[in-house]
Amino acid sequence: MTTARHTLIALALSLSAGASFAQTQGVSKDEIVLGSIQDLSGPLAGFGKSVRQGMVLRVEEINEQGGINGRKIRLLVEDSKYDPRNAVLAAQKLVNQDKIFAMVAHLGTAQNMAAMPVQFQKNVVNFLPVTAAREMYEPFHKLKFANIAPYYEQMRTFLPRMVQEKKPKAICAIYQDDEFGLEVLRGAEEGLKSMNLQMVEKTSFKRGATDFSSQVARMKAANCDFVVLGTIIRETIGTIATARKLDFNPTFFGSQAAYTDLIHKLGGPAMNGLYATMTTQHPYLDEASQPIRFWANKFKTKFNEDPTVFSVYGYNAIDIFARAAGQAGANLTTDGFVKAMDSMTVPPDIFGSPELRFSPQRRYGSMAMRLSQIQDGRWKVTSDYVNK
């Protein structure tokens, strides 16, 4: 009798432990808890705020329509100040304290790389981060999903095309001395290598720098007539503005990180002529495309400010998450979500983003990329998609 009773108790405890283990973090009967880390008060706060607003807009739309298989989304956003150390602390809070199901649209290369180990330890997906670094899908990890052609491929692909068109005599680079800037530089150098060319001059700056006079002076002294920019917002503006003041006017060519309306809004006419790689089109309020114009004005009505392409990144990240979570079914688990993503195809959207395809072996959605230039104070798409 005693033995039988002990057996029953042991079985009950075993079943209880199994049920507890089976409970997926961040998923309850009524909600799915998502986390995101943005720069809300540092050098990329303009990006972070826009990503957050885009996410909030799509979350509210989904919740108003009844949620995902009856569950509402609760979105929690932490501020990294664009500092990897803060990103780790934010990830620890979101993963261990708030118990998020997935990290969505985390902004920044170094920040994602710092936070991912915290997430993966608790089986939390890193979903469509807002960075085009190869590390967002390499090395392979079942919890990594990315949707942007990497900076490396952007530079490696388009720089030779730009060189053939512009025929510069001295190609140079200025880049942020971190994982982001180095990816831009590596891709550019690989592109030149394919043409048996080399950089004439390259110079770097520390993350958060505000003065670029010495770097620009070096490039001018080297007679650079084509400059690759491993820069983001104020570094792009600072470099080009400084060059214009010195009557130094090479062709400036940036990555997708420089494709933002803040460049021409804050930098003014001096920014005209800047080229940048990109995928998704910036949503101007008076855009000729009626669907983009409608969406942009809806965003403006809600937040009382213009949307940016980073608003679109955030909006799309939540939208794609909802597609996969919905497809995973009523019993949402991390394994079920990953399985749904591994057969996911996302059609082109109203913003011109390319079709995305994922598989168990392919954790980036697309390698398609195109080129844009600031003309008369706004970005104009100047090339068709190239798909590597």
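**Strands, helices and aromatic pairs in a predicted model**

Residues are numbered from 1 along each chain as its sequence is written, and side-chain values use heavy atoms, with hydrogens and water left out. Helices (H or I, at least four residues) and strands (E, at least two) are DSSP runs, numbered from the N terminus; two strands pair if DSSP finds at least two bridges between them.

Strand E13 (residues 368–375) and strand E15 (residues 386–387) pair in the antiparallel sense over two bridges. E13 is also joined to strand E14 (residues 378–381) by four bridges, again in an antiparallel arrangement, and here Gln373 stands opposite Lys380. The hairpin of E13 and E14 has two residues between the strands, and Asp376 takes a positive phi near 50 degrees in this hairpin. A further four bridges join E13 to E10, and these two strands run antiparallel; Met278 stands opposite Arg370 of E13. Seven of the eight residues of E13 are buried (under 20% relative accessible area, with exposed meaning over 50% and partly exposed in between; 1.4 Å probe, protein chains only). Strand E13 is therefore largely enclosed by the rest of the structure.

The loop that leads from helix H9 (261–267) to strand E10 (275–278) contains Ala270. This residue counts as partly exposed, at 26% relative accessibility. Beyond its neighbours within four places in sequence, Ala270 is in contact (heavy atoms within 4.5 Å) with Ile240 and Arg244. Ala270 and Gly377 are 107 residues apart in sequence, yet their C-alpha atoms are 9.2 Å apart in space.

Attention now turns to the open sheet. Its five strands have the order E2-E1-E3-E4-E5, with parallel pairing. Strand E2 (72–79) and strand E5 (144–145) stand at the edges; each has a single partner strand, so one side of each is left without a neighbour in the sheet. Within the sheet, strand E3 (residues 102–104) and strand E4 (residues 125–127) pair in the parallel sense over three bridges, and Met103 has Asn126 in E4 as its bridge partner. H3 packs on the sheet and touches strand E1 (31–38), E2 and E3, its direction making about 170 degrees with that of E1. These angles run from 0 to 180 degrees between N-to-C directions, and axes are lines fitted to C-alpha atoms, for helices over the stretch in contact. Helix H12 (residues 334–341) lies across E4 and E5, running at about 40 degrees to E4.

Helix H3 (residues 84–97) also has a helical partner: H3 and helix H4 (residues 109–121) pack at an angle of about 35 degrees, with their axes 8 Å apart. On the H3 side, Pro84, Ala87, Val88, Ala91, Gln92 and Val95 take part, and they meet Ala110, Gln111, Ala114, Ala115, Val118 and Gln119 in H4. The residues of this contact divide into nine nonpolar, three polar and no charged. In this division, Ala, Val, Leu, Ile, Met, Phe, Trp, Tyr, Cys and Pro count as nonpolar, Asp, Glu, Lys and Arg as charged, and the others, Gly among them, as polar.

What of the aromatic residues? Because Phe299 and Phe303 are four residues apart in helix H10 (residues 290–303), about one helical turn separates them. Phe299 counts as buried at 0% relative accessibility, and Phe303 is buried too, with a relative accessible area of 18%. Elsewhere, Phe101, Phe127, Phe145, Phe321, Phe337 and Phe358 form one aromatic cluster.

Finally, Lys166 is found in helix H5 (residues 151–166) and is partly exposed, with a relative accessible area of 32%. Leaving aside its neighbours within four places in sequence, Lys166 is in contact with Phe226, Thr251 and Tyr275. Between the C-alpha atoms of Lys166 and Gln97 there are 53 Å, the two residues being 69 apart along the chain.

Terms used
Predicted model: local features only at pLDDT ≥ 70, side-chain atom pairs only at ≥ 80, totals over all residues. Phe/Tyr/Trp six-rings, centres within 6.5 Å; stacked < 30°, edge-to-face > 60°.
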